[in-house]
Amino acid sequence: MRLSWRRVPAGCRVKWAAVTACVWLVAAASASAHPAPFSYLDLRLTEAGVDGSIVLHDLDVAHDVGVDPPERFADPAFAAQYRDQLSRLMDSRIALFVDGRRTSLTWTGFETLPERQSLRLTFSAGDQRPGRLRVETVVFPYDSIHQTFLNVYEDGGLRHQAILDQQRTAFDYYAGTWQGATAVMGVFIPAGIEHIVIGPDHVLFLIGLLLLGGTLWRLATIVTAFTLGHSITLSLAALDVVSPPAAIVEPVIALSIVFVGADNLLVQRDRAKAEADEQQRPQPRDIRAWVAGVFGLIHGFGFASVLKEFGLPLTALGWSLFSFNLGVEIGQLAIVFVVAAVLASVRRREPQLARRLVIAGSIIVIAAGGYWFVERVFLP
């Protein structure tokens with residue numbers, strides 16, 4: 001039986017409202033009495049390495065070391081008994097990597113902060129100014145909503161802030177020095193090379209552009225056009241200036257591959273007609289540089305999606321974009337050099353085989369691009 005609120009006598013309604021208000025007040029008081037699940041990690045880059053401190057709430061510390069009530073940590077003499085235990089605990093939960101190598105933490109200080117209901121531990125790490133600093137930590141795993149506020153200082157100023165939790169457990173910082181720049185390049189150049197080499201759609205697009213051959217100048221123009229195109233959109237998308245959805249970008253990349261293969265077949269047909277015509281028709285116009293530039297814009301958005309997944313460091317935005325682009329170019333030029341050299345060799349020794357290779361290769365390019373288009377549109 002369903003009871004309508006309007007049928008409840010007025011006196012009862014007042015009592016229920018009062019009870020409800022009390023419940024909410026008690027809940028609010030309990031919530032406000034419960035401390036926020038935060039810890040604070042400060043890292044300072046110096047010429048001698050890294051100086052750090054971590055501030056831990058006594059409720060979290062009490063839970064992990066088995067002390068009740070947590071307020072006992074307000075007594076410095078009592079808290080000092082747990083200094084070594086806390087140092088070992090934080091040693092196991094804070095991983096600091098300096099220039100790619102994990103560095104041990106040397107614990108240098110311990111103090112109580114009664115006004116903040118917290119404890120502070122200080123430490124040092126490394127023996128030289130780092131170029132790249134990586135932090136991996138889950139300070140209190142028992143609490144799924146616990147957050148660690150990270151502050152990174154360099155040259156006396158706050159350079160970056162981040163929040164680490166159980167969803168984001170690591171953070172990379174690149175110093176504003178030449179060491180930091182080289183650290184960025186050491187990470188993002190290989191990432192760019194790897195992406196172009198293991199990205200079959202980008203590789204096939206490039207191979208399709210090279211099948212018709214041409215002079216060194218012509219091939220250089222094609223590659224440069226593709227480079228300019230994808231560099232522009234890679235930067236725009238990585239900076240969130242323009243970010244079209246992958247559901248549009250990926251099918252268009254597939255269509256670009258189909259277009260290149262189809263254009264190759266049309267050009268090859270026109271070449272054959274020109275060679276057979278006694279009046280010596282002019283060679284068909286080569287639009288591959290334009291195709292590379294226009295579709296390079298689309299491929300750049302594809303590169304950007306990978307770069308975002310990889311993680312773009314805001315503290316070294318320019319260097320990371322440049323390095324990733326440079327890596328893509330290195331991988332791209334390696335592919336161009338190998339494919340162009342093989343095709344040129346075949347063209348010199350076996351001209352008829354080279355023509356058949358253009359036709360067969362273009363058909364494969366069209367088939368692969370068509371398959372990827374169907375897969376990306378109808379089989380997401």
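A crossing of two helices counts as left-handed if the near helix is turned anticlockwise from the far one by less than a right angle, and as right-handed if clockwise. The model is a predicted one, so to speak of local features takes a pLDDT of at least 70, side-chain atom pairs count only at pLDDT 80 or more, and totals for chains, interfaces and linings use all residues. Residues are numbered from 1 along each chain as its sequence is written, and side-chain values use heavy atoms, with hydrogens and water left out.

Helix α8 (residues 246-276) passes helix α11 (residues 351-378) in a left-handed crossing. The two pack at about 155°, their axes 8 Å apart, which makes α8 roughly antiparallel to α11 (over 145 degrees).

On the surface, Ile 232, Leu 236, Leu 239, Val 241, Val 242 and Leu 297 form a nonpolar patch with about 470 Å² of accessible area together (1.4 Å probe; members have over 30% relative accessible area and no salt bridge, with nonpolar side chains joined within 5 Å). Ile 232 sits in helix α7 (residues 216-238) and is partly exposed at 47% (between 20% and 50%).

Leu 89, in helix α4 (residues 83-93), is buried at 18% relative accessibility (under 20%). Its C-alpha atom is 9.0 Å from that of Asp 64, 25 residues away along the chain.

Note on methods:
Patches are made of residues with over 30% relative accessible area and no salt bridge: like charges are joined within 9 Å, nonpolar side chains (Val, Leu, Ile, Met, Phe, Trp, Tyr) within 5 Å. A salt bridge is a side-chain nitrogen of Lys or Arg within 4 Å of a carboxyl oxygen of Asp or Glu. Helices (H or I, at least four residues) and strands (E, at least two) are DSSP runs, numbered from the N terminus. Buried means under 20% relative accessible area, exposed over 50%, partly exposed in between (1.4 Å probe, protein chains only). Axes are lines fitted to C-alpha atoms, for helices over the stretch in contact, and angles run from 0 to 180 degrees between N-to-C directions. Angles under 35 degrees count as roughly parallel, over 145 as roughly antiparallel, 65 to 115 as roughly perpendicular and the rest as oblique.
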